[in-house]
6 protein chains.
Amino acid sequence: SGPMTTDSETVMLEANIDDQSSECLAYSMTRLFENGALDVFFTPIYMKKNRPAFKLSVLAKKEDEQKLARLIFDETTTLGIRTYPCARYTMKRDFLTVETPFGSISIKHAFGNGIDKYTPEFEDCARLARKHKLPLRKIYDAAQQATFETVKD
Amino acid sequence: SGPMTTDSETVMLEANIDDQSSECLAYSMTRLFENGALDVFFTPIYMKKNRPAFKLSVLAKKEDEQKLARLIFDETTTLGIRTYPCARYTMKRDFLTVETPFGSISIKHAFGNGIDKYTPEFEDCARLARKHKLPLRKIYDAAQQATFETVKD
Amino acid sequence: SGPMTTDSETVMLEANIDDQSSECLAYSMTRLFENGALDVFFTPIYMKKNRPAFKLSVLAKKEDEQKLARLIFDETTTLGIRTYPCARYTMKRDFLTVETPFGSISIKHAFGNGIDKYTPEFEDCARLARKHKLPLRKIYDAAQQATFETVKD
Amino acid sequence: SGPMTTDSETVMLEANIDDQSSECLAYSMTRLFENGALDVFFTPIYMKKNRPAFKLSVLAKKEDEQKLARLIFDETTTLGIRTYPCARYTMKRDFLTVETPFGSISIKHAFGNGIDKYTPEFEDCARLARKHKLPLRKIYDAAQQATFETVKD
Amino acid sequence: SGPMTTDSETVMLEANIDDQSSECLAYSMTRLFENGALDVFFTPIYMKKNRPAFKLSVLAKKEDEQKLARLIFDETTTLGIRTYPCARYTMKRDFLTVETPFGSISIKHAFGNGIDKYTPEFEDCARLARKHKLPLRKIYDAAQQATFETVKD
Amino acid sequence: SGPMTTDSETVMLEANIDDQSSECLAYSMTRLFENGALDVFFTPIYMKKNRPAFKLSVLAKKEDEQKLARLIFDETTTLGIRTYPCARYTMKRDFLTVETPFGSISIKHAFGNGIDKYTPEFEDCARLARKHKLPLRKIYDAAQQATFETVKD
Ligand code: NI
Ligand code: NI
Ligand code: NI
Ligand code: NI
Ligand code: NI
Ligand code: NI
Ligand code: NI
Ligand code: NI
Ligand code: NI
Ligand code: NI
Ligand code: NI
Ligand code: NI
C-alpha cells in the first residue's frame with residue numbers, strides 16, 4: 001500500500017483550568033462533544049502556587065474552532081485558550097455482526113494501509129453480560145472467537 | 001459579537017525531565033515566571049526504562065523564546081527542548097471591588113465576545129478568612145453574594 | 001464455593017519522594033523486587049511548595065518489612081516511611097501450554113472461588129511477534145483462539 | 001460540639017490493574033457501584049516493566065467485602081486484592097429546595113459538628129442550563145444566591 | 001545496628017474531592033500544615049460520572065486527628081473522610097554547615113541504623129543561586145563538593 | 001554565544017489509547033524506539049464515558065513519520081493519530097571517563113551556548129553499586145566528586 005494521507009483541517013484547543021469543580025469539568029466535556037468536538041480529554045497538571053489542576057484538550061474541525069473556543073470560555077473558568085493546527089491520520093472503519101451463544105454482537109472493523117483490526121463493540125458486550133449475568137470477559141471472549149471464525153484472514 | 005481573534009506570537013516550549021528532584025523542578029518554574037513565561041506547568045509522564053518523570057511546559061512570547069530556552073537548559077537537566085507555535089484566544093479582564101461584612105474584596109471581571117465572568121480574587125478571600133478565623137468558603141460566598149448585588153446583569 | 005480467605009501477613013510500606021531523579025526511582029524499584037517485595041509501584045503526587053513528586057508503594061511480607069524499610073532508606077532520599085498491615089485475597093494460578101500456528105505459548109490459568117481466567121504470557125507473545133515480524137495482537141489473538149479450543153469451559 | 005465519631009465497619013479494597021482496557025475499567029466501576037460499593041475510583045500508577053497502569057480503589061461496608069472482592073476478581077484481570085480496615089467520619093446531609101428565576105433547584109445541606117455546607121445539586125443545574133440554553137455557571141450562581149437568601153445563617 | 005523501631009501514633013486521613021477549585025485545594029493544604037499535619041499531598045484520581053478529581057491525604061499525629069478532620073470538613077467540600085492508623089519509620093536528622101566559594105550552606109544529615117545521608121538545604125542553595133546569578137546546580141555542586149571534603153566518611 | 005538554532009525536521013505523533021493493556025503499551029514503546037523514534041512517552045488522561053486512559057506521544061524525524069504512524073496503527077488499538085511539526089533545540093554531548101575508588105565511570109558532558117552540564121552515566125553507577133554492594137548514591141557521589149576534580153571549570 002502507498003503512503004498514508006492526512007486531513008489537515010483539524011485544530012487542537014487547550015486550556016489550563018484551576019478554578020472549577022470536577023462536576024463542571026465533566027459537564028463541559030459533554031457540552032463540547034454535543035457541539036461537534038472530535039475528541040475531548042483531561043490531563044492532570046501541576047500549576048503555580050501549589051495548584052493541582054487539569055488541562056482540557058479539545059480536538060476540533062477547523063470550521064468549529066470559533067464555536068468551540070466560545071463554548072470553552074462560556075462553560076469553564078479559563079481566560080486563555082491555546083490553539084495549534086493538527087493533521088490527522090485515521091483508519092477507515094465499518095461494522096460487521098457476529099453471532100455468539102449469548103446473542104449478536106457488532107464488531108468494529110478498522111482498515112486501511114494493509115492493516116485490519118477488529119474490536120467487539122463495548123456497549124453490545126456490556127448489555128449481554130448484564131442480560132446473562134456473566135462477567136464481561138466471557139462475552140468479549142465469545143465475540144472474539146466468533147470474529148476469528150468469521151474473518152479467517 | 002463578531003469572530004474572536006487570536007494573537008499569533010506565542011510558542012510552547014516542552015521538555016521531558018527524568019533526572020531532577022522536585023525541589024529543582026519547583027525552582028525552575030519560579031525562575032521561568034520571573035523571566036517572562038506566560039504560563040508554566042508540569043505533567044506526569046511515563047518514560048522508557050521504567051522512569052516516572054515530568055514534562056515541563058512553558059508558554060512564551062515569541063520574543064522570549066531564546067531567553068527561556070536557554071534558561072530551561074541552564075536550570076534543568078534536559079538536553080532537548082521541543083517547540084511549536086501556538087495562537088491564543090484570551091478574554092479581556094478588569095477588576096471591581098465589592099464590600100462584604102468581612103471587608104473589601106477585589107473581583108476579577110473577564111469579558112469579551114458576549115461573555116462576562118466574575119471571580120473573587122483568591123488572595124483577598126484567603127486574607128480575610130485568616131483575619132476573621134472563618135472557613136474560606138464563608139468569605140467566597142460573601143464575595144459572590146456582593147457581586148450578584150453589584151452586577152445584576 | 002465458600003467464603004474466600006485472606007493471608008494476613010503482608011504490610012504496605014509507603015514513602016513520598018521529592019528529591020530524587022527518575023533513574024534512581026527506577027533503580028530503587030528493581031532493588032526492591034530483587035529483595036523480595038511482592039509489588040512495587042509509583043504514584044504521581046502533589047507535595048507542598050509546588051513540588052511535583054512520586055509516592056513509592058511497596059507491598060511486602062511481614063517478615064521482610066525491616067529489610068525492605070532499610071533498603072528504602074538506603075536507596076532513596078526519603079526520611080520517613082509509613083507502614084500499615086494489609087490482608088490479601090489472591091487467586092491460585094498454574095500454567096498450560098497451547099499450540100498456535102506461530103509456536104507454543106504459555107497461558108496463565110488463574111482460578112479459585114468458582115472463577116477461571118486465562119491470560120497468554122506476554123513474554124511468549126512478544127517473542128513470537130518479533131520472530132514472525134507480526135503485530136503483537138496477531139499472536140495474542142492466536143493464543144486466545146487456541147485457549148478457547150483447549151479449555152472449552 | 002463534642003468529639004466527632006466514626007463508623008468502623010468499612011474496608012478499602014485495592015488492586016493494581018495492568019492488563020485491561022479503559023472500557024472494561026469503566027464497566028467494572030459501574031458494576032461495583034451497582035453492588036453496593038460506597039466509593040470507587042482509579043489512580044494512575046507506574047508498575048514494573050514500564051507498564052502504565054491504574055490502581056482500583058473500592059470502599060465497602062465490611063459486610064460487602066466478600067461479595068465485592070469476588071466481583072473484582074470476576075470483572076477485572078487482577079490476581080490479587082489488598083484490603084485494610086478503614087474508619088469513616090461523615091457529615092449528615094439533608095436537602096432543601098430553592099426557587100430561582102430558572103426553576104426549582106435542590107440544595108444539599110451537609111451538617112454536623114458545628115459545620116453547615118450547602119451545595120446546589122449538579123443534576124438540577126445541568127438540566128436547567130440545557131433547558132434555558134445558558135452556561136452552567138449562570139444557574140449555579142442563581143442557586144447560590146437563592147440559598148444565601150433562604151438560609152441567612 | 002539492631003531492628004528499626006516505629007512510632008505507632010500516627011493516622012492517615014483521606015478524602016476524595018470533586019467539587020473544589022485548585023486554589024481552594026492549595027489553601028486547604030496550607031491550613032492543614034499550619035494546624036500540625038505531618039504531611040499533606042494530593043493525588044489525581046478518576047471518579048464516577050467522568051469526574052477528574054483529587055484525593056487529599058493528610059498524615060497526622062493521633063492526638064490531632066479530630067482537629068484536622070474538622071478542618072478538612074470546614075475547608076473542603078468533602079462529606080466523608082477515611083482514616084486508618086499508620087506506623088512510621090523515621091531517620092534522625094541534624095544539620096551541619098559547609099563553606100563554599102559562594103557562601104555558607106546548611107546540610108541536612110539524616111542518620112540511623114547504619115545509614116548516613118547528606119542533603120544541601122534547598123532554600124540556602126536557591127538564595128545563593130539568585131545572589132550570584134548562577135544556575136542552581138552550580139551551587140548544589142559546590143555544596144556537595146564541600147560536604148564530601150567535610151565528611152570524608 | 002549567539003542565538004541558539006533549532007532543527008525543524010521533527011514531528012510529534014499523538015494517539016489516545018483506551019482499549020489496550022499496560023503490557024501492550026510497554027511493548028509498543030519498545031517497538032517504536034527500535035524503529036527510530038526520538039522519544040516515546042505516555043501521559044495519563046481522562047477520556048469520555050469514565051475511561052481512564054493514556055496518551056501515547058512519539059517524537060520522530062520527519063522522514064520516519066509514515067513508518068512510525070503505520071507502526072502505531074499496527075501495534076496499538078487507536079484509530080486516529082494526531083500530528084504536528086515541532087522544532088527542537090538540543091545541546092551537544094560527548095563523554096569523558098573519570099576514575100573513582102569503585103571503578104571507572106562514564107560522564108555525559110552536555111554543552112553549547114555557554115552551558116556545560118555533567119551527568120554520571122546511570123548504567124555505570126548501577127553496575128558498580130551492585131558489584132560493591134553499596135547504595136547507588138555512594139557511587140553517584142564518587143562520580144560527581146571525581147568529575148569536580150577533573151573538570152575544575
Ligand atoms: Ni442468551
Ligand atoms: Ni469491513
Ligand atoms: Ni471584619
Ligand atoms: Ni468590568
Ligand atoms: Ni512460525
Ligand atoms: Ni489450570
Ligand atoms: Ni425558565
Ligand atoms: Ni438541613
Ligand atoms: Ni559570593
Ligand atoms: Ni550529624
Ligand atoms: Ni572496587
Ligand atoms: Ni566534553
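What percentage of the 153 residues of chain A count as buried? The answer is 59%. Keep in mind that this is a predicted model, then take the views one at a time.

**View 1. The fold of chain A, from one end of the sequence to the other.** Chain A is built from 4 helices and 7 strands. Follow the chain along and you'll read β-α-β-β-α-β-β-β-β-α-α. With a radius of gyration of 20 Å, well over the 15 Å from the globule rule for 153 residues, chain A is more spread out than a compact globule. The C-alpha trace spans about 55 × 45 × 25 Å along its principal axes.

**View 2. Contacts within chain A.** Here we look at which parts of the sequence meet. Take the contacts in chain A with a separation of 6 or more: 56% of them come from residues 24 or more positions apart.

**View 3. The surface and charges of chain A.** As for charge, count 22 positive side chains and 22 negative ones. The centres of these two sets lie 4 Å apart.

**View 4. Chain A beside its copy, chain F.** Rotate by 120°, with 0.0 Å of shift along the axis, and chain A superposes on chain F with an RMSD of 0.0 Å. The two copies are thus related as by a three-fold rotation axis. They don't use the same surfaces, though: 9% of the contact residues of chain A recur in chain F.

Definitions and conventions:
Residues numbered from 1 in each chain as written. Chains lettered and ligands numbered in written order. Predicted model: local features only at pLDDT ≥ 70, side-chain atom pairs only at ≥ 80, totals over all residues. Heavy atoms only, no water. Helix = DSSP H or I, 4+ residues; strand = E, 2+ residues; numbered from the N terminus. Rg over C-alpha atoms; globule rule 2.2 N^0.38 Å. Buried < 20%, exposed > 50% of the residue type's maximum accessible area, 1.4 Å probe, protein only. Contact = heavy atoms within 4.5 Å. Lys, Arg positive; Asp, Glu negative; His and termini not counted. Charge placed at Lys NZ, Arg CZ, Asp CG, Glu CD. Least-squares fit on C-alpha atoms with pLDDT ≥ 70 in both.
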